[in-house]
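Dear colleague,

I am handing over the structure below for your work. My notes on what was found in it follow.

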Amino acid sequence: MDDLEFRLCLKIDVVQLDLWIEQGWLIPEMSNEGRQFHDADVARARLILDLMGDMGVNEAGVDVVMDLVDQLHGLRATMERLITAIGRQERDVQRRLFESLEDIDRFGTAGRMP
């Protein structure tokens, strides 16, 4: 969606949106038509609105939360790549890898075969 659609959807003004982009909380795609936003951007913006509005979190707090969200997404992507790589191995190798992870897995999930 374009800039205007995004702002209307979230009921925010251009100054607020520009601030969020300047802070690095949102990073829209740039196209010939201008800034473009996706569903993930809408979700991030709603989180920002909830944090700042409903929860009273200041900009520094939002910065921390958004950084943690980004780290979580990065970790999830890394784990998906790891599981894919393990899945390409022979069953015996998979079994040994998962067995070796059981000692460090505090949540009991590493021992499951993909």
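What is the volume of the second largest pocket? In this predicted model, the second largest pocket has a volume of about 210 Å³. Its lining consists of Gly 24, Trp 25, Leu 26, Ile 27, Ala 40, Asp 41, Ala 43, Arg 44, Leu 47, Val 69, Asp 70 and His 73. Two elements, α3 (39-54) and α4 (59-87), each give two or more residues to this lining, and α3 gives the most, with five residues.

In general, nonpolar side chains tend to be buried together in soluble globular proteins.

Trp 20 deserves a separate note. Leaving aside residues up to four places away in sequence, Trp 20 touches Ile 12, Trp 25, Leu 26, Ala 45, Ile 48, Leu 49 and Met 52.

Finally, α1 may be described. Asp 3, Phe 6, Arg 7 and Leu 10 are buried in α1. These residues lie on the same side of α1 because they cover an arc of only 95 degrees around the axis. An α-helix has 3.6 residues a turn, so residues three or four places apart point the same way. The buried residues of α1 pack against α2, β2 (34-36) and α3.

With kind regards

Notes:
Residues numbered from 1 in each chain as written. Predicted model: local features only at pLDDT ≥ 70, side-chain atom pairs only at ≥ 80, totals over all residues. Heavy atoms only, no water. 1 Å grid on protein atoms, 1.4 Å probe; cavity = no way out; pocket = protein on both sides within 12 Å on 5 of 7 lines; lining within 4 Å. Points joined across faces, edges and corners; volume = space filled by probe spheres on them. Helix = DSSP H or I, 4+ residues; strand = E, 2+ residues; numbered from the N terminus. Contact = heavy atoms within 4.5 Å. Buried < 20%, exposed > 50% of the residue type's maximum accessible area, 1.4 Å probe, protein only. Arc of directions from axis to C-beta.
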